[in-house]
Amino acid sequence: MTQTPHRPAEHTTRPRGRLVGQSVPRKEDLALLTGTARFIDDIKLPGMVYAKILRSEVAHARIRSVEVAAARKMPGVLDVLCGADLVGKVKPWGDMMQDLLVGDHTPFAVDKVLYEGQELAAVAAQTKYQALDALEAIELDLEELPAYVDPEEAIKPDAALIQEGITYEFGDGNIFDRYKLRVGDIEAAEAEAAAVVRQRFSTNRQAGAALDPHGCVASFDSFTRELTVYSSTQSIYMVRDVLADVLQIPRNKVRVIVPEVGAGFGSKAQIFPYEVIASIFSMRLGRPVHLVLGRKEIFQSGTARNSQIRYAELMCDRDGHITGYRDYTVHNCGAMSVWGNQVLHIGTNVGMLPYAIPNIRVDGNIVHTNTAPGGALRGFGIPQFIWVKEQLVDMAAAELGLDPLEMRARNVIRPESFPFRTPMGQVIDSTTVYDCLHKSAAAIGWTETKANPVPYEGLGLAVSMKYTSCRHPSFDTDLSAVRLRLETDGTVTIYSSDVTHGQAHATMLAQIVADGLGVGFEKITLARPDSVTSPFGLGTYASRGAAVLGTACRLATERLREKVLAIAAHVLEANADDLDIGDDRVFVKGLPDSGLYLEILASLAAYRTHQLPPGFEPTMEAIATYDTPTEREGPDGTGNLSVTYSAAAHAARVRVDPGTGLIRVVDYAMAHDTGVVINPLVVEGQHQGGFLMGLGMVLGEDYVYDDEGHLTNASFKDYLAPTSTDVPELTKIYELPAPSLTIPGGQKGAGESGTGPVPAAVGNAVFDATGVRFTSLPITPQQMLLALREKDRRGLATFRYPDDMPGFTGPREPQDWPEPLLPDDMGFDWDNFEDEL
Amino acid sequence: MKAFTYLTPGSAEEAVGLLGQHGPQAQVIAGGQSLLLAMKTRTARPSALVSLAGVDDLAGVRLAASGELVVGATTTYAALSRAPLTGWHTEIAAVAGNLADRPVRTMGTIGGALCDAGPRYDMLTLVTGTGARLEVLGPSGVRTLSPGEFFAPGGGTTLAADEILAAIRFPAADAFTRVVFAKFRQRTFDAALASVLCAARPGNGGVQITVGAVRPVPVVATAADPEAVAAEVLDAAGGPPLVQYQRELVRTLTAQTLSTVNGS
């Protein structure tokens, strides 16, 4: 035995196994910061050819013909496809996520163009330039139709039908789905209310704007009949299962792999036509096909945040307690949408938090327009709803003469014990939202500034809770899985299908494994998601990584630890209970400097199986799948859809330039209760990024359509996403611990809490600074200045934009509001459904 | 992008010759910050690009014997922003150093902006407001144009297909006692939504106000107060919201620049 080497004091005194909770530098960053990470456009396979898509330049048209003969004769062209080629040969999709009987998505438009940018034809050629040249040789004969850009126009009784090819079960005309929420007795709440505030609000379309473009490389092996697809996606199994279904080939013959994915924000959480098109080309040609979209294509045909119009009413008693909420929502899903209707369901359900409102009635129409598909985007409907509800709270506070901070303090959930079930059905297993509210308000100088206001400066508050994971109403599952393998050299490989694309899974999971297995952090590697090797999981969305995937990882780690200890106990002839694990070895408790290295134990399990305990199943692998104990949405819209909830209380200080209308967020405080944070560095980054997306939503980003349905700002030059200079110093970020009681490690989601309250907090601050209440998004300098001038011209103390502007054509006052368009043929008494049930 | 022939002349005369040889489908490329974006989306499809990168005497900043500041057309914004200038010329460097973003300033050239003639570019307002003269080289030699002659009234330039912009001659440092430029853009890296340049002449020469970004070419105002300038450039009232907004911006920026000029 050699002499024990000298070890520094801090090493021996360091508490074992406590990487969870530390700001461990991210494993991901070296490749990203040195430019060596390989994204989808970097994938090059032998014999690879290039495909490009011809997209419609009009928003709504009947297709008379798509003539591709000339394109086939162009130099370098290998294959050409259009909609008519595939009718009856591929299955439409969209049914699985939307809970439809048949899908409503096809690779190309066949009879009708439904939105600008929709796929009409595609070319595969030797080079991408030859493919683009050939697209120009395709002749289109389109009969243009009037386009519906405004969802309220699209639902008028005389509106022409946009989606003609499918009958939606709950639809009617351009309404393709409906949403109903019933809690308590809203009429009684209204009758008894001391104050009711009413306002029509609208929201904008926002792009995911991931810098890494959408795209894929499809490679079909003509001999094995296996289709391999590299795709920049958030979910390999959603792509695999839908793709195999569309192509009607076995799922074990489709392999989906991700390269480095440069963000998604929800915009890559589904299959897209380009994945189908590239696959078909590859199957026809027997060669790898590269198909990566340009930015304009992504703006036009990727998914964008659904816009909403909400005719909203908030009811309170004289003490400011919220007693009721009612609205009629028109929810714009664009021309087609895989996830868009879910956004209204979940965003409204969870968006009611952090208040336990006892009486609620929401009627929503989910509408098709001739615009880009709507879909998932950071916050999933919650930022839209919080924009409405948190401004109503300020309006109600003003009517009751209450301070907005005090009004919120009286309403946020603060139960005597957890878990606490709200009237909406959410099970709140922990929260410090009350403390978060006061923390953020104090950090921004709420009380002092309210006492000494500064002209054209204003403060605003907003609170929200974001779901961690989600059991989608149409999609009854909420699981993730991890398989671990202790390799024979003592390293550990983590297999997961949940794609890391900014969430630092390689770091976060390694922290969990290092703690549980006593393996050095640097010895742990996360394998790339690959449907051939990764266990089945849903993917990375809904802020589910730390809590759901993390729990699967924790369970797998425990199982692997048991196996390691079982072998060690056998070899050491000790009781497993007397053993501990750490510093890459198993040792007898109290003797940490001795023991058996994990690589020796793993080698026994693989190469010396006679030394294993009797009956021990060789090799050192463990797998665990975790499905959350969440509920399905009830027929009244209530239910606990998420495993736990992360609160966010934000406070904004804005400054408005009365000469230019420019709005600067000069100070911003965020307090969250993200539970047990695995890596504070990563979580802080998520909050900063979440804030930035909220900032873009409130102060600049929007899909600007003209009346014909042309997207006029489909480039980063014209699409006003915020840049670094627009962001204030984000030093006031606080975590007020509230460990989840449901998740074994106490984790909650972090990825989207930073986004939800931002538009409302800024909107409330802008009102405080100027007396102008913005009811539409985004708030641009132009609108700000014109509103200020009009307000001054009319000598008003407060003013609504755009409601009080001379050119506003929508309903200005509640008596002008439309009645919710309710189906008269559904044969269901929604107000007394409990009796019927 | 479509395929093109890339030509690298060594002199300005050679560049002019190549333009003549390759016809109107050939285009000059300097920094390429506008042209390459247009080519990428195939909205520009030149058959040949005549690069000025190898023409050394088109770049650089010097003082002429007359005191005029001669800025070579292919001088980058970055170089211009660092040039050791004096008097009102420092405002030229300041404008060049506060537009677009760093990569664009590193590659983009003053001549490229003027020939592309984007109405929202600051350089158009700068040369118009200071009465700079533009040296244009063609097959028959050099002609010197005023901004009013160089920019076409409806937008764009009057350059012939075989002409290149060689240099910009700004008036001498004593031509103005003070020049102040101000603009508004929503994001730091965006082009201006409105820009105003106030140039004060010595003695009783008065202040000249020029408004850019709101019309196809900059407008030299005859009015002298913010309200009147806004009304002159964009009518007194009405118009779509963008025009109403730009009117407010012109008023604000004019007041701001006038106050700075008069305060000195």
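This is a predicted model: local features need pLDDT of at least 70, side-chain atom pairs count only at pLDDT 80 or more; totals for chains, interfaces and linings use all residues.
Let me start with a pair of helices in chain A: helix 12, residues 340-351, and helix 13, residues 382-400, pack at an angle of about 45°, with their axes 8 Å apart. Helices here are DSSP runs of H or I with at least four residues, strands are runs of E with at least two, and both are numbered from the N terminus. The axes are lines fitted to C-alpha atoms, for helices over the stretch in contact, and the angles run from 0 to 180 degrees between N-to-C directions.

Residues are numbered from 1 along each chain as its sequence is written, and chains are lettered from A and ligands numbered from 1 in the order in which they are written.

Back to our pair: helix 12 and helix 13 of chain A are therefore oblique to each other, given that angles under 35 degrees count as roughly parallel, over 145 as roughly antiparallel, 65 to 115 as roughly perpendicular and the rest as oblique. On the helix 12 side of chain A the residues are A:Gly347, A:Thr348, A:Val350 and A:Gly351, and they meet A:Ile382, A:Gln384, A:Phe385, A:Ile386 and A:Lys389 of helix 13 of chain A; contact here requires C-beta atoms, placed from the backbone, to lie within 7 Å. This contact between helix 12 and helix 13 of chain A divides into four nonpolar, four polar and one charged residues, where Ala, Val, Leu, Ile, Met, Phe, Trp, Tyr, Cys and Pro count as nonpolar, Asp, Glu, Lys and Arg as charged, and the others, Gly among them, as polar.

A second pair in chain A is helix 9, residues 236-247, and helix 10, residues 273-285, whose axes come within 11 Å and cross at roughly 55°. That makes helix 9 of chain A oblique to helix 10 of chain A, and the crossing of helix 9 of chain A past helix 10 of chain A is right-handed. A:Val239, A:Leu243, A:Val246 and A:Leu247 of helix 9 of chain A make the contact with A:Glu275, A:Val276 and A:Ser279 of helix 10 of chain A, and by class there are five nonpolar, one polar and one charged residues.

Which residues make up the domains of chain A? Domain 1 is 9-37 + 479-627, domain 2 is 41-145 + 213-261 + 268-301, and domain 3 is 179-206 + 303-472 + 633-816, with bounds from an automatic or database domain assignment. The centres of domain 1 and domain 2 of chain A, taken over C-alpha atoms, are separated by 39 Å.

Turning to chain B, we find ten helices and twelve strands. Chain B is divided into domain 1 (5-51), domain 2 (60-170) and domain 3 (178-263). In chain B, 20 residues of domain 2 are in contact with 20 residues of domain 3, and helix 7 of chain B gives the most to the domain 2 side, with six residues.

Finally, where the chains meet, 13 residues of chain A are in contact with 14 residues of chain B. On the chain A side, the largest share, five residues, comes from helix 22 (residues 781-793) of chain A.

Technical notes:
Two residues are in contact if their C-beta atoms, placed from the backbone, lie within 7 Å. A crossing is left-handed if the near helix is turned anticlockwise from the far one by less than a right angle, and right-handed if clockwise.
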